[in-house]
Amino acid sequence: MIPVSPAPSPNDLEACGFLVGGHCFAVPSSQVAEVLHAGSITPVPLAADALAGLIHLRGQIVPVIDMRRRLGLGDPLPSGGGLLVVRLSDDLYALRVDEVLDVERIPTDRIEPPSGSLVDLTTDPRSGVFAGDEQLVHLLDPQRIVNALLRPRSSPVARSPAHKQGSPHVEHD
């Protein structure tokens, strides 16, 4: 559970908390579409290390990001855990975490910048840290979680006329 102040304020950040490698993290609950149990994940050949694979979610293919790998906290869980499905624009991404916690209010005036003098905003997903009564809560930006893993989308592979079905390409000397 994320420790928060008892008196909520309209300026508080509603955040969905989760555990990864024994550390507490949270993302804005406004970007969480749903929470699932980690089930069958289809691996993707030659994918980035943190891309655990893909799931099929009600007709949509959703990339699954292993947060242990993405945050440099060790090997993925062999099984179990939870999936936090976040919405970024029109796309969904599932964050595989060790355990999903509650949605809590975090006072924004108690959120500090992430530590480290050389925070790279394109690859470091941390947007802040909250010192609760029991533990630190690292606030993450879902867009920055996926930024380092995204490749620019390209058009579908075009086939040359010689590669059309029924027309095998044969080179001649």
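Guide: Start with Arg58, which is exposed, at 65% relative accessible area. Exposed means over 50%, buried under 20%, and partly exposed in between (1.4 Å probe, protein chains only). This is a predicted model: local features need pLDDT of at least 70, side-chain atom pairs count only at pLDDT 80 or more, and totals for chains, interfaces and linings use all residues. Residues are numbered from 1 along each chain as its sequence is written, and side-chain values use heavy atoms, with hydrogens and water left out.

The side chain of Arg58 meets that of Glu34 in a salt bridge, 2.2 Å from N to O. The term stands for a side-chain nitrogen of Lys or Arg within 4 Å of a carboxyl oxygen of Asp or Glu. Arg58 sits in the loop between strand S4 (51-57) and strand S5 (60-66), and Glu34 in strand S3 (residues 32-37), so the pair ties together parts 24 residues apart in sequence. Strands are DSSP runs (E, at least two residues), numbered from the N terminus. Glu34 is partly exposed, at 21%.

The whole structure holds 7 salt bridges. Another one joins Arg105 and Glu14, at 3.5 Å from N to O. Arg105 belongs to strand S8 (residues 99-106) and Glu14 to strand S1, 91 residues apart. Both ends are partly exposed: Arg105 at 33%, Glu14 at 37%.

Now turn to Asp124 and Arg126. Their closest N and O atoms are 2.6 Å apart. Asp124 is buried, at 13%, whereas Arg126 is partly exposed, at 21%. Finally, salt bridges with shared partners join Asp49, Arg69 and Asp75 into one network.

Notes. Helix = DSSP H or I, 4+ residues; strand = E, 2+ residues; numbered from the N terminus.
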